[in-house]
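Subject: Structure handover

Hi there,

Here is the structure I promised to pass on, with a few notes below. I hope they are handy when you open the file.

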Amino acid sequence: MMQTRTIYVTLALVGATLSTAAAPALAAPSAAPAATAPSCPTGWGSTAKSATSGTAPATPVRDIRTGRHDCYDRMVVDLPGAGGSGSAGAVGYTVRYVDRLYQDGSGTHIPVTGGAVLEVRMTAPSYDPETGEATYPARAGQPLPGVDTAGYRTFRDTRFAASFEGDTQIGLGVRARLPFRVLQLQDRLVVDVAHSWTSTR
């Protein structure tokens, strides 16, 4: 009888030890899910994009700036007083890839660095239509004032081409012929150029 009791006690101790050893494995935290790349918009395409101007008087260009985003590089043209798309104060534009950038009026070739060149034209002068005084201090053939594209994934260069007969013309050098979109918002015109053709950055 004593031998039987000893066997039961031994089995009980062994079982308790096994349960204790197994517990930490069950309580271990699950591994964190792998980080996924952000989903980027697709479907912009690389064909020319344009819109007609509204009926309100032309709004002069006041500034041009750029910024970096997860999926694209952005250029913003500040046009205080201009309306959004479809409004009377909307600014007309044409944005397209060109083999070379030629200055309006003179036809002079303006070199732009990059694998591809986007020509941005808008129906907005860079001067006051009444006085002729410059509202945006850019010089033909020179980089846009205050814009530095170093460190951008897509942008490579910017060049002011001309402000001729009420239109402003800009050259935007990019890494390659990539998808782009144009947004006409209140007080500004936006050009976004994607980092790639795929849906992730």
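In this predicted model, the link of C40 and C71 is left-handed, with -75° about the S-S bond. What does the link tie together? C40 sits in the loop between α1 (2–27) and β1 (49–51), while C71 sits in the loop between β2 (63–68) and β3 (72–78), so the pair connects parts that are 31 residues apart in sequence. The S to S distance in this disulfide is 2.1 Å, and a search of the whole structure finds one disulfide. As a reminder, a disulfide is a covalent bond between the sulfur atoms of two cysteines.

Are the two cysteines buried or exposed? C40 has a relative accessible area of 8%, and because the cut-off for buried is under 20%, C40 counts as buried. C71 is buried too, at 12% relative accessibility.

The other spot to look at is P60, which belongs to the loop between β1 and β2. With a relative accessible area of 12%, P60 is buried. Which residues does P60 touch, once its neighbours within four places in sequence are left aside? P60 is in contact with D78, L79, P80, P125, Y127, D128, P129 and T135.

Best wishes

Terms used. Residues numbered from 1 in each chain as written. Predicted model: local features only at pLDDT ≥ 70, side-chain atom pairs only at ≥ 80, totals over all residues. Heavy atoms only, no water. Disulfide = S-S within 2.5 Å. Helix = DSSP H or I, 4+ residues; strand = E, 2+ residues; numbered from the N terminus. Buried < 20%, exposed > 50% of the residue type's maximum accessible area, 1.4 Å probe, protein only. Contact = heavy atoms within 4.5 Å.
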